[in-house]
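This report walks through selected features of one protein chain. Please keep the sequence and the 3D view open while reading.

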Amino acid sequence: MLVASAVAFVVALVSSLVATPLVRDAAERRELLDEPGGRKMHVRAVPRLGGAAMLLAFLLAVAVGVAADSAAGGGHLVAMLAGIGIVSAVGLVDDLRDLAPLAKLAGQLVAAIVTVALGLSLTEVAWFGGTVQLGWAGPLLTVAWLVAVANAVNLIDGLDGLAGGVSLATLLAFAAIALMREQPAVLLCTAAAAGAVIAFLAHNRPPASIIMGDAGSMFLGMLLGTSSVALVAADPARISPLLVIVALAVPLADMTWAVVRRLASRKSIFTADSNHIHHQLMARGLGQGRVTLLLVAASAALGLVAALLAR
């Protein structure tokens, strides 16, 4: 289990290091650029297909990891990959053609429903020293959770290195929990994704030469969502949903505040604005680099707390 995940990490790291500049150059030639303005903080047009490079590196690494140790292909790996693949495809189409918000949501729902249909779903959760059977509510809660996490990571992708750094911190926490609880599929996926993200961040740190786009943020969001469900579902007596909520607290808090803020203003929850946590911190005088460092450090601390509690 550990060897396969280590191999996957290295393969993803190297593959992403090679693929990211190639994708960046191709996007620049085709003028697939994210223009500055509005809530976007970059000052020049930046290629937006970094998520495609991360996804390719991730899939290659997972395939190599399974080849190295067939046990890593068990558990909920197929369900996880199906959901990740569908939502990443939706994100890529959005990067290329600017999908309507409802179309993106529909794609996320399809990805989550397919994931549940393939067997990855909450059936019981820990509650005050015991467990509660969820029954018919389990699949519904799982779908809602997967869509929520995918959107949470998508919404926090507002500064160079922010979504990647926050996701990396949570991926490492989930990898530690998967290692402790002997969950090979989750460990393999989180290790592979961590390698891909680290390499991508080498090009995405301020000032970024490429951004991940919706293909990247939705890929990471669905990966974190499916990983968290797999961890809770595999050991509900010991891994409470509160642990994964703690690990994902930064993007979840930002998304929750965005929904409350927009509803209170009688606006559509899909209306983009410049009042996210990172915007608020910058309005108080912090630079982009410090805001990113602060939120990534907060995610790392919360991830560490979740991993320690999972022991």
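## The model and its conventions

The structure is a predicted model, in which local features need pLDDT of at least 70 and side-chain atom pairs count only at pLDDT 80 or more, while totals for chains, interfaces and linings use all residues. Residues are numbered from 1 along each chain as its sequence is written, and side-chain values use heavy atoms, with hydrogens and water left out.

Helices (H or I, at least four residues) and strands (E, at least two) are DSSP runs, numbered from the N terminus.

## Helix packing

Two packed helices are described by the angle between their axes and the distance between the axes. Axes are lines fitted to C-alpha atoms, for helices over the stretch in contact, and angles run from 0 to 180 degrees between N-to-C directions. Angles under 35 degrees count as roughly parallel, over 145 as roughly antiparallel, 65 to 115 as roughly perpendicular and the rest as oblique. A crossing is left-handed if the near helix is turned anticlockwise from the far one by less than a right angle, and right-handed if clockwise.

Helix H8 (213-234) takes part in two of the pairs described here. H6 and H8 have axes 11 Å apart and pack at an angle of about 25°. H6 is therefore roughly parallel to H8. The crossing of this pair, H6 and H8, is left-handed. Helix H3 (residues 77-97) packs with H8 at an angle of about 160°, and the axes are 7 Å apart. H3 and H8 are therefore roughly antiparallel, and the crossing of H3 and H8 is right-handed. In another pair, helix H2 (residues 50-68) and H7 cross at roughly 140°, and their axes come within 9 Å. H2 is therefore oblique to H7. The crossing of H2 and H7 is right-handed.

## Backbone geometry in the loops

Most residues other than glycine have a negative phi, and most peptide bonds are trans. Which residues have a positive phi here without being glycine? Glu31 has a positive phi of about 55°, and phi of Glu182 is near 55°. Glu31 sits in the loop between helix H1 (2-29) and strand E1 (33-34). Glu182 sits in the loop between helix H6 (162-180) and H7.

For accessibility, buried means under 20% relative accessible area, exposed over 50%, and partly exposed in between (1.4 Å probe, protein chains only). Glu31 counts as exposed because its relative accessibility is 64%. Glu182 has a relative accessible area of 61%, so this residue is exposed as well. A cis peptide bond joins Pro206 and Pro207, with omega about -10°. Pro207 belongs to the loop between helix H7 (184-204) and H8.

## The second largest pocket

On a 1 Å grid over the protein atoms alone, a pocket is an open set of points with protein on both sides within 12 Å along at least five of seven lines, a cavity is a set where a 1.4 Å probe fits but cannot get out, and lining residues have an atom within 4 Å of a point. Grid points are joined across faces, edges and corners, and a volume is the space filled by probe spheres set on the points. The second largest pocket holds about 250 Å³ of space.

Helix H5 (137-155), helix H8 and helix H9 (241-247) each supply at least two lining residues. The lining includes Leu141, Trp145, Ser228, Val232 and Ile245. Ala, Val, Leu, Ile, Met, Phe, Trp, Tyr, Cys and Pro count as nonpolar, Asp, Glu, Lys and Arg as charged, and the others, Gly among them, as polar. By these classes the lining has 11 nonpolar residues, one polar residue and no charged residues.

Val147 is in helix H5 and counts as buried because its relative accessibility is 10%. Val147 and Met54 are 93 residues apart along the chain, and their C-alpha atoms are separated by 20 Å.

Ser240 lies in the loop between H8 and H9; at 17% relative accessibility, Ser240 counts as buried. Its C-alpha atom is separated by 25 Å from that of Asn154, 86 residues apart along the chain. Ala253 is in helix H10 (residues 249-264) and counts as partly exposed at 40% relative accessibility. Ala253 and His276 are 23 residues apart along the chain, with C-alpha atoms separated by 9.8 Å.
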